[in-house]
Amino acid sequence: MKRAYSPIEVLQMKRKVLEFGGAWEASMGKPAASGTWIIWGNSGNGKSSFVMQLAKYLCQFDKVIYDSLEESTGLSVQKSLQRHGMAEVSRRFQILDRESMEDLSERLKRKKSAGIVIVDSFQYSGLNYAGYKKLKEAHPGKLLIFISHAEGTRPEGRAAKKVEYDADVKIYVEGFKATCKSRFMDVPGVPFVIWEEGAKKYALKE
């Protein structure tokens, strides 16, 4: 049986946070450096661009792995890397070519492995909810970020919806804005503008 903690003991526990600033802090606060996030949105709304911008920003805090399960290292990924200047963070950012969740988990067990992992996408990972929990519990010190397809305004599929409920940070992308719900903020964050011109054009259509 695990031990019980008093409120004072819990309050005194040191928890590493990501010291976000600017628009990132306004949108997400200062999130924990470990746990799980989920990002979802329909095609053509700026999700891929947001993920790459986020990955680049996260490289300030730790090494980042991007497991490209859907698009591998194809032309669309190459163009995205170029568009967002990812060569600038090449020492902190690695792309995996459709690495299985089993192999990814083994990689994360290595000494000095990346602290942040982006899995694109949850639907291509082959994970069910039990598999997600197993991966999460095997790497409590890591930050696992899952990208998901959307079904309306929710993640696509039963397992992804369960991950949404469980995740510490939930980010919905629509109209080139990312709206975040975070357990690390007392009030909802300000939507993060992914692409100013695209967001303005989308707003005019509504």
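**Pockets, sheet and overall shape**

By class, six nonpolar, four polar and four charged residues make up the lining of the second largest pocket. Here Ala, Val, Leu, Ile, Met, Phe, Trp, Tyr, Cys and Pro count as nonpolar, Asp, Glu, Lys and Arg as charged, and the others, Gly among them, as polar. This is a predicted model, where local features need pLDDT of at least 70, side-chain atom pairs count only at pLDDT 80 or more, and totals for chains, interfaces and linings use all residues. Residues are numbered from 1 along each chain as its sequence is written, and side-chain values use heavy atoms, with hydrogens and water left out.

The second largest pocket holds about 220 Å³ of space. It is lined by 14 residues, and Lys 16, Ala 32, Ala 33, Ser 34 and Gly 35 are the closest to its centre. A pocket is found on a 1 Å grid over the protein atoms alone: it is an open set of points where a 1.4 Å probe fits, with protein on both sides within 12 Å along at least five of seven lines, and lining residues have an atom within 4 Å of a point. Grid points are joined across faces, edges and corners, and a volume is the space filled by probe spheres set on the points.

Now turn to the largest pocket. Its volume is about 330 Å³. It has 20 lining residues, with Gly 44, Gly 46, Lys 47, Ser 48 and Ser 49 nearest its centre. The lining divides into four nonpolar, eleven polar and five charged residues. H3 gives the most, with four residues.

Next comes the sheet. It is open, has eight strands in the order S3-S2-S4-S5-S1-S8-S9-S10, and shows mixed pairing. Strand S3 (93–97) and strand S10 (192–193) are the edge strands, each pairing on one side only. Two strands pair if DSSP finds at least two bridges between them. S9 (residues 177–182) and S10 pair in the antiparallel sense over two bridges. Lys 177 stands opposite Val 193 in S10.

Step back to the whole. The protein has nine helices and ten strands, which are DSSP runs numbered from the N terminus (helices H or I, at least four residues; strands E, at least two). The radius of gyration is 17 Å, close to the 17 Å that the globule rule gives for 206 residues, so the protein is as compact as a globular protein of that length. That radius is taken over C-alpha atoms, and the rule is 2.2 Å times the number of residues to the power 0.38. Along its principal axes, the C-alpha trace spans about 55 × 40 × 35 Å.
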